[in-house]
Structure formats: C-alpha cells, structure tokens
Amino acid sequence: MAVTENAAFAADEERWSTLMVSAQAGHEGDYRCLLGELSEVVLHYLASRIGPQHYLDDCVQETLIAVHQARHTYDSSRRFRPWLFAIVRHKAVDALRKNQTVQNTAERQRSFEEVETGNEQIENGVMSGRLINSLPLDYREAITLTKIVGLSTAEAATHLGISQSALKVRVHRAISKLRQMMEADTL
Amino acid sequence: MSKHNALIDSLATDLQPSGRSWNINLLASTWLLFSAAYVVIVAHVLGPIRPEAITQLQNEPRFLLESLLGIAAITLTALSAFRAAVPGALSRPLIAVTAGLIVLWILNYVAGIYSPTLAPSMAGKREHCSLETFFYATPPMIAAFLFARRLYPLQPAKTALLAGLAAGMLPALYMQIACMYEPVHILKFHILPGLTVGFAALAVTFGWLKLRTSGKHQAQ
C-alpha cells in the first residue's frame, strides 16, 4: 500500500514538473492541465489542514494566481512540491490573517446572547481541520472565534473573558504556530 | 469548480513563454563576485589601503582565518538572500548555518578586544570608514533588490534583510584590509554600519510594502 502511494507521489511530482516546464515554454494545454490538477490538490490540502472554511476557494484562487506569477522561478532541477507548497502555505497564512469575517451583515450584527447559544457552531469550527485542531486550547479558541466563527475582536474577547489585546496576541501566536505546523507538515 | 475553471482559463489563455528559470546559486555567486569586485575597486580608488595588510594576511594565520570566516558568512548570506526570493528554496538548516556564521564572525572581533588577532594600530586609518562602509554597500544592495524583484519573494522583509546584510558585510569585511586594525574600531565603524545596511534595507522594504498596500486599498 505504502509502495503504491510512494509511486503515485513520485509520478505526480514528475508529471507536475514536466507540465510546468512545458508551461514555461508557453504551452497552454499543459498549463491548463497543471492548474486544474493543482487546484484540486491545493483545495484538498487546505481543507484537511485548516478545515472546510468559507474562504478556501478564495485561497485556492490566490494560490493559482501566485503560481502563475511565480512560474518563471520554478527550476526543473529541483523538486516541484516544496516550491508549490511554500506558495500554498504562504497564501493560507495570508488568508487566515486577512480573513475579516466574510459572513453577511445580519450574521455579523447578531447579539452576543445569540453567540452564547451558538456554541455548536464554535465546536464545529474547533473540530474542523487537523492543524487547527492540534493547536493548544487557548490558541484554538482564539482563532476559531475570530477567523472561523467570525466574531469581532471585542465579541471574541468578551466570550473568552480576556482583554482585546490579549486576544490579538493569541490570534497572532496561533497563526505563527499554524505556519510552523504547516512547514513541518509533509504532504 | 467552475469559478476555478474560469480563473484557469484566464491564466492559461494566450500564455507567453516565461523562459527557463535562473539557476539561483549561479545568480547569487555572480552578484557576489561583481559586488565584491566593485567594493575592492572603489575602496582602492577612493583611499589608500593599509600598507602591511597583504603581508599580514600571508603571515598571520588567525587574520587569514577570520577573513575567510567573514567570506564564508557573506557567501552564505548572499545565497540565503537569493534563495529567499524563490518559493521553497531556502531551507531552515541553511538559514541556521548562515546566522551562526554571522554571529561567529562578529564574536571573533568581540573576542579580539581581549585577545587581538593583530597588534592594534592606527596604521592605514581612513577618515570616513563608517560612511564608506555604508555607501559602498548601497549599489550592491540595490542590485540585489532588483534581482529579487524579478524573482518571487514570499517574505520580502526576510529577503531584504538578508540582501542588505550580504551587501553591508562586504565592505565591512574589506575595511579590515583597507582601514586600521583595532577590534573596537572594527566593531563600531566597520561592522555596525555594515549591519545597519541590513536593517535599512528592512526599513525600506516595510515602507515600500506599506505604500503598495495603501495603493491597493485606494485602487479598490
């Protein structure tokens, strides 16, 4: 089983590298094929690491655009995956940082009491995503409330019973920790 | 997936050849070679070199070793700077070894305060060695920035800091040959301005990123 997986892993690596070299030479068809495969791989990677968040599609698109802009830096004498996943990790962390509660206005304006009763959603958020799930509890709560559930800093701080600045520190550290975990994580 | 397909279509349509990628090690070596040649030539043209420096390099093994240590630190810093501008090319071990060599190189001069490599002397003193260090480093730093911009630095601040340090350390090292040898003077007027170039590069990059971000916000 492991041998088959390794063979598939190596085959993907070689095919993507060949397709990228062809794309560097300007072959549209190969490039289309490569981006199509990568969009699925990236989506799967992100969903399994940070959970099925609403901004994953945007993150995949950002990654595809970055791959396009950086394609001239891919060197076929090096492995393709480290090049690709450096971009994916960067875009994922970027998305987590920038994600400013893309929930609709009505949801944003819901009262704190409603949030209190919405613990199921919070728990679902916590349960989603292998990497987020393996964060220390303080960090996990902070990042789940602000980046996944979509509470404002003030709301999340009140919910956790800490100051806003303490919450911001926790979110910042959680993102740094996630970045480290993604760097250490192999595909 | 249709959203992705539309994007893929727009990216792939009329795809132009991007050309083969540069060999990043070769690029870093070329930059280093030209920058080192520039620093040596400018230092020789703009002031006299300490007369006995070359003899000391031949006769004082510790002076030769500390110079080689500096060269190694600069080489790895340059390599790290260029690798930082290519996704996935900069490894943690490389950055750790680079940082270790830089610290070791500086500590060598700190140790020199108590046990100098050469007998401290004012011979060969250049009046404005700190300014010279700073300004000699500027063109190589700009060149490194221009190369890095053509690549794809995911963390521009890290790339800028490394490029600035590599550019700043070049004249900082050469001043041990061109200027007087005295450890405190070296640390204050050669090494410190050299390191300052790295932090100046970082500040410039932060400013540029801020401008770019505010420009994007205005455009939206």
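What follows is a working chat about a predicted model.

Colleague: Before we start, what should I keep in mind about the model?

Modeller: This is a predicted model, in which local features need pLDDT of at least 70 and side-chain atom pairs count only at pLDDT 80 or more, while totals for chains, interfaces and linings use all residues. Residues are numbered from 1 along each chain as its sequence is written, and chains are lettered from A and ligands numbered from 1 in the order in which they are written.

Colleague: At what angle do helix 3 and helix 4 of chain A pack?

Modeller: Helix 3 (residues 56–70) and helix 4 (residues 80–98) of chain A pack at about 135°, with their axes 9 Å apart, where helices are DSSP runs of H or I of at least four residues, numbered from the N terminus, and axes are lines fitted to C-alpha atoms over the stretch in contact, with angles from 0 to 180 degrees between N-to-C directions.

Colleague: Which residues of helix 3 of chain A meet helix 4 of chain A?

Modeller: Among them are Asp58(A), Cys59(A) and Glu62(A), and the helix 4 side includes Ile87(A) and Lys91(A), with contact meaning that C-beta atoms, placed from the backbone, lie within 7 Å.

Colleague: Switching to chain B, how many helices and strands does the chain have?

Modeller: Chain B has eight helices and zero strands, a strand being a DSSP run of E of at least two residues, and the C-alpha trace of chain B spans about 75 × 35 × 30 Å along its principal axes.

Colleague: And how many residues does each chain give to the contact?

Modeller: Chain B gives 22 residues and chain A gives 28; on the side of chain B that touches chain A, helix 1 (residues 2–12) of chain B gives the most, with six residues.

Definitions and conventions. Contact = placed C-beta atoms within 7 Å.
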